[in-house]
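Please read them with the sequence and the model side by side.

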Amino acid sequence: MTRSSSASRLIRRLLLMALLCAAPAAVWAQSSGDGTIYSRFGIGELYTFSSPQAQALGGGGLAVRSLNYTGFANPALWSDQVFTRLATGVHLRNISATDAQGTTSRLSSGALNAVQFSFPLYKRQLGVGLAFQPYSRSNYRVVRRSDEPLQFGSEPQDTTHYQINYEGRGGLQQIVGGLGYRVNDALSVGATVEVIFGILEEGRRTAFDSSDFVQANFTDATRLSGVTSTLGTLLTLGDVFATDDAFSIGASVTLPAPLSGKRVRTLDESLDRDTLGTAVEGSVTIPWTARLGLAYKPDNRWTVLLDGSFAPWSNFESDFEGQDGGPGRFPVGGSDILTDRVRTSTGVEFLPAGTNELASFFERTAYRLGAYYEQTYVAPVSGTTINAYAVTGGISLPTLLSGTRIDLNFEVGQRGTTDNNLVRDTFYGLSLNVNIGERWFRERKLR
Amino acid sequence: MSPYRLSAVLACGLLLALLAACEDPASVGAGVGEELTGGEPVTVAITPSTFEGERIGDVTTNSTRILSGTVDDPVIGQVSASGYLDFSRLSTVPPGFPEGTVSRVELRLFPDYAYGDTLRPMRLALHDMPNEWDASDLTSDTSLAAGSLAQEFTLTPADSVVKVLLPNDWITAHGEVLRDTSEAFADRFHGFQIQPVDDGGNAVVGFDVQRSQLRVTVDDDTASFAINETFSSLDRSGGNLPPNRVLLQDGTGIELSLGFTLPDSLRNTPVNRAEIRIRADTTTLNAALPDQPDFVRHTSTSVQILGIPEGDDTPVAITPSSNPLRIDAQARLIFGGEAPRSIFENELLGGARFERFRLRLILSENTINPLLFFGPGAGERAPQLLLTVTPLNE
């Protein structure tokens, strides 16, 4: 082993350890900025992240086997691991929200993608996956400015304008841990335990133009936590349509997740929070989710995939009732405005170099394009579903560190409609992900 | 540039470009689903439930001014003042002083304040104080027992200095005590009372304590005894205030008792701003008296606010005496800012409350200056608590 390869290995390990230590705190901070008004309903905007590769290919990836990525959409994929892997990244999104009157809000937000750590216990047979990632996010912001100034005294100059900010903050996080096991050459299975927890806040802040006034900041906060599990399977067949091709079928089901917690109304001023009324205890039940994915590799350069998922959010239950002088009911608008969630996606990846590690930089770069359609689970207006369409894509860049790639992804799409007093979001986003892989736990050769 | 560096630069550049996109949130989405409502602030004007003058007692001890005289103000009423002063033993003793003979004793007083007719002569009486007296925390409604008359004297309130010569018989009786330069002097000599004599004068005069002194001449040497203890006793009666007015007066201990009953509908409501506005009637006090063109009426403009906690009679200073509130150019006393806001918000949120407030005139020296406030029945000039709140309910 040369000194330079030892040095690069040391750098990778130090980087891995630093990210492992810092990442949980960063994910806990989750996100900043403002997003869609539809994150006000239910438990917020649901977050889906399997791997940087899957993100660029429409967000599915249930059946995509890869030595460069560990897909977290299906725990059965974890059976294929050779490298110890750490992946994380940041995601930035801009939204232009328009209503029927043509008024537009421009909003932007940033968030840390999942921090994912995986490693093989037995190479290509038994692998472990661990992740700390967002589950949902509530980050809406609506600003209403006073038409007429507030008269606060009898003198003509005793007036000031004010602004009311309706804001969503917080969301739910998820800690995932599990195993993937290869039963035989064709079949893999996997299972996870997932802890879901977090705080969803609905805030209302009245701020004044005059510095003589102290703003009033109410928050209805719902703290929830619970446990669920995902079971997955993966069937891989070779030589299906051509010699040396690979066709994979993946499926997973996430069990219903009962979450319990408290809901409380607070008055926030500076660093102090005063609780108004009493805390309300309750629980919600997140419905099950079923996923099915297909992936086809005609050779070692091309990958095509198709995925779908379904979750009966019309079965969502909540027993958080509103309280006089205290927090309102949860979720906002009640459970009746939630509808079944359907998502389909497709994508194609082209890696010119295939498995040739000695090819040029641009040949070892992967090029991806995808798309998805989603009937979201919120329907604030009865009879009108909120649908989202987007094109995704990205490039995966090789680095000097073998096994490590940098993925730059984009997403452009639209969600909602301006009919029935609703809002249409036009969004575009960028993600930057780092995917570090290295062989750990290597068996020493006897001299 | 290597392709690796190029890719890093490209990635960072794209993210920065996205970050630089400006946010411009608007009202879009307010009507989506369950409409976003509430958060509208309102201002509530609350009339005081308590607004009256209350004689609490003013501590007039050890001020730099003592008061004496009687004034009859046709609006404010009659005030009669008696001043008390005591002296410290000599710090510098001329040679031969203790053994010599006292030939002359003069009380030299320096008027620096006059309320009333400043040109009409007035007569005051100097009485011995027979017993030791302690001025600590005495309030102005206290009177001390005075002894025999030492001297009467006449002055005009506009005089710059008043020299009161003590008579020979008084000198004979007190000469030996005045020559006592030991610590026993304080136990043997207890100063004077200066009280008004009913002779037609119409003013209360204040004497500067720091400059006033007792000058004792022994042979050819004169020593000055400095004043080390003072007290002013004040008595007030009568008055003919216009309707819907409340009087505060320095020296007499009259303070404004102020209280508000907050509506139950504002419970658990945060307060964005609170302001107490009280209008002063400066017109009445500044009006000249047609039959007394030389009548000078000083007025007060500085006020301290204290709070009386519920269940406790001990007042708590809400504004410091070192930084009082002042009547502004529009004749308004305005108490605003964080202090009243947090006080009333604390009450609305169920915390501790002040049963009432007390407004006290703050002046560095003793005076009898008045301040007249419009009361709750004074229409547009009535006092108010202006609360801007953001109701919880939508």
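1. The lining of the largest cavity divides by class into 19 nonpolar, 15 polar and five charged residues, where Ala, Val, Leu, Ile, Met, Phe, Trp, Tyr, Cys and Pro count as nonpolar, Asp, Glu, Lys and Arg as charged, and the others, Gly among them, as polar.

2. This is a predicted model, in which local features need pLDDT of at least 70 and side-chain atom pairs count only at pLDDT 80 or more, while totals for chains, interfaces and linings use all residues. Residues are numbered from 1 along each chain as its sequence is written, chains are lettered from A in the order in which they are written, and side-chain values use heavy atoms, without hydrogens and water.

3. A cavity here is a set of points, on a 1 Å grid over the protein atoms alone, where a 1.4 Å probe fits but cannot get out, and lining residues have an atom within 4 Å of a point. The largest cavity holds about 620 Å³, a volume being the space filled by probe spheres set on grid points joined across faces, edges and corners. Among its 39 lining residues, A:Tyr47, A:Thr48, A:Thr254, A:Thr289 and A:Arg291 are the closest to its centre.

4. The second largest cavity has a volume of about 500 Å³, and of its 31 lining residues the closest to the centre are A:Glu45, A:Leu46, A:Arg93, A:Tyr372 and A:Glu411. By class, this second lining comprises nine nonpolar, 14 polar and eight charged residues.

Technical notes: 1 Å grid on protein atoms, 1.4 Å probe; cavity = no way out; pocket = protein on both sides within 12 Å on 5 of 7 lines; lining within 4 Å.
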